[in-house]
Amino acid sequence: MTITTSEALLASPWAGTAAPTTPEGWVRRAEEVAAILEVDAVERDRALVTPHDEVRLLKQAGLVTLLGPTAQGGAGQSWETAYQVIRRVAEGDGSIGQLLGYHYLWSQLPAFFGTPDQAEQIIGRATREGWFFGGAVNPRDDDLVAVDLGGDLAFSGHKTFSTGSKVSDVTWLEAAVAGHDEHVFALAPSDHVGITFHDGWDALGQRLTESGSVTITEVVLPWSAALGWVDKQFQGRTYNTVTLVAIQLVFTNFYLGIAQGGLRTALAYTRERTRPWPYGGDDRERGVDEPYVLDAYGDLQSKLWAAQALGDRAGQALQALHADPDGLQPRARGEVAVLVAAAKQRAVDVGLEIGTRIYEVTGARATASSVGLDRFWRNVRTHSLHDPIPYKRREVGLFALLDEIPEPTWYT
């Protein structure tokens, strides 16, 4: 029996059951969530309704606190497991996979940028209260500014994108600090009177990510809320820059999940509905016996397996960087950044290819809007423009040719 997202919320499928305790158990839980999301994914994508129900489902499943400390009620799982969970959820619904992936990054931002006390206090409370995070974070927009008021900072301005805005409990504000070279991150409640989320998100794909613009008007927060700032000076370290590598691998994994969802959906369609071509001179009884169908699926599956393996390798390498945050050296960080850049470009390439070529092996009737195969290409195409893939290839090329590691930027 299959149930829709809204039906699942009436009575949690996991009510009365113990939470998983192993990485494998949490990956299975993510697969259960994906199976629910998949049932009405096409209809929800068209309806463009703010995904409050979908986020509630993630909370019911316990996925929101996957990275939270066990002492505070979290699952205490690793980033490596989180990437697998993102991938599985995105297989059922790419938008929700993106929301969950961004949430994981934002929920751990205090560990990347904050002082030890900030990390313990914010992550602990977020875990206990089951916060879902959003972020008014877009470094190419420099018109959100934080003004020093003495003991406080006053945030005002605008951000073009704010993923997870309307479904979040709390939102990170990223701003230039007047009079300083560094930017600042500070957390505010999403329902703050000075935060206005706009209804401008109507993209080609990833339509349920609530990535519209936001206006910030005189949101006053104490200096103590500024991550990593002590006595109004930012305490920088190499580990801060791992944030950017981590989010790039978040992207990689929901691309891989979308690609897997597209291929699996097409395979099922071909098994059940694709007809053989009757004019080839060697008539076949079933579409699954067509040589060109077998050739195409063999090619796409092989490419996806290779991309997944590279993504897994990148996840393992990135996990190692978390072992010694204070001792992390730029070279180690740079080598992992190159690996993530390689994984990302391969995930984009295979996601776009699967999204296009599945029509060749499903047939003309598969173009019906009710089938919804178009969403897989639309989703990968939309988000893969986040930052130019040629620059990822350049990073890998410079490393291969000249042994140069990429300099940390907001996108590297």
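The following dialogue explains how some terms apply to this predicted model.

Mentor: In this predicted model, local features need pLDDT of at least 70, side-chain atom pairs count only at pLDDT 80 or more, and totals for chains, interfaces and linings use all residues. Residues are numbered from 1 along each chain as its sequence is written, and side-chain values use heavy atoms, with hydrogens and water left out.

Trainee: Why is Ser-190 called buried?

Mentor: Buried means under 20% relative accessible area, exposed over 50%, and partly exposed in between (1.4 Å probe, protein chains only). Ser-190 has 8% relative accessibility, so Ser-190 counts as buried.

Trainee: What makes the link between the side chains of Ser-190 and Ser-168 a polar contact?

Mentor: A polar contact is a pair of N or O atoms within 3.5 Å; within protein, one must be able to donate a hydrogen and the other to accept it, and residues adjacent in sequence count only if both atoms are side-chain atoms. The two side chains are joined at 2.7 Å, and the residues are 22 apart in sequence.

Trainee: Why is the pair of Trp-277 and Tyr-279 called edge-to-face?

Mentor: Rings of Phe, Tyr and Trp (its six-membered ring) pair if their centres lie within 6.5 Å; planes under 30 degrees apart count as stacked, over 60 as edge-to-face and the rest as tilted. Here the centres are 5.3 Å apart and the planes stand at 75°, so the pair is edge-to-face.

Trainee: How do you know that Trp-277 is exposed?

Mentor: Its relative accessible area is 55%, and therefore Trp-277 is exposed. Tyr-279, at 67%, also counts as exposed.
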